[in-house]
Amino acid sequence: MHFRLLCRFLWLWPYLFCLEALTIHKVQYDTKILIKTIVTRINDISHTQSISSKQRITGLDFIPGLHPVLTLSGMDQVLAIYQQILTSLPSGSVTQIYNDLDNLRDLLHMLASFKSCPFPRARGLKTLEDLDGILETSPYSVEVMVLSRLKGSLQDMLQEMDFSPEC
């Protein structure tokens with residue numbers, strides 16, 4: 001009797017494994033689509049085309065974007081920082097991008113759970129004092145630079161999704 005039950009379970013095992021594999025691939029696919037959507041939203045903001053992501057503004061060196069992020073937790077940390085920065089920008093055109101980043105972070109957490117990664121929710125920076133002062137003098141330039149760097153970071157993340165990033 002136990003032998004029959006074991007045989008049935010072993011017969012179903014490959015199908016159960018495929019269902020899990022399809023689910024993680026579906027989440028990776030959804031993650032890629034959302035990243036592409038956010039990049040498109042950034043491109044649709046007309047003034048973001050005028051500054052390179054490599055440009056520096058004194059006092060904003062804490063803004064990520066110059067180095068690719070290779071892990072899921074690193075991606076989450078970068079997105080948390082960008083979310084915090086986006087809430088400080090005076091323009092209302094970034095609200096949907098902020099919401100999309102929140103959804104993207106949720107997808108990264110789902111990917112981490114599929115991989116059994118310990119994945120605490122990342123927090124942003126402790127203080128953005130430098131940002132407030134710079135925003136007073138040049139809000140347009142800061143917004144363009146932030147969105148340009150965010151776009152670069154997202155494109156790096158998109159490439160990394162093809163290689164199934166580590167925890």
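What follows is a short chat about a predicted model.

Modeller: Ground rules: the model is predicted, so local features need pLDDT of at least 70, side-chain atom pairs count only at pLDDT 80 or more, and totals for chains, interfaces and linings use all residues. Residues are numbered from 1 along each chain as its sequence is written, and side-chain values use heavy atoms, with hydrogens and water left out.

Biologist: Why is S116 called exposed?

Modeller: Exposed means over 50% relative accessible area, buried under 20%, and partly exposed in between (1.4 Å probe, protein chains only). S116 has 65% relative accessibility, so it counts as exposed.

Biologist: And what makes S164 partly exposed?

Modeller: S164 comes in at 30% relative accessibility, so partly exposed is the label. S164 sits in the segment after α5 (139-161); helices here are DSSP runs of H or I, at least four residues, numbered from the N terminus.

Biologist: What is there to say about phi of S116?

Modeller: Phi of S116 is near 55 degrees, positive in a residue other than glycine. Most residues other than glycine have a negative phi. S116 lies in the loop between α3 (95-114) and α4 (129-137). S164, not a glycine either, has a positive phi of about 55 degrees.

Biologist: How do you know that I81 is buried?

Modeller: I81, in helix α2 (residues 72-88), has 10% relative accessibility and therefore counts as buried.

Biologist: Where is confidence lowest, and where highest?

Modeller: pLDDT is the predictor's confidence in each residue, from 0 to 100. The mean is lowest in α4, at 59, and highest in α3, at 93. The protein chain averages 77, and 63% of the residues score at least 70.

Notes
Helices (H or I, at least four residues) and strands (E, at least two) are DSSP runs, numbered from the N terminus.
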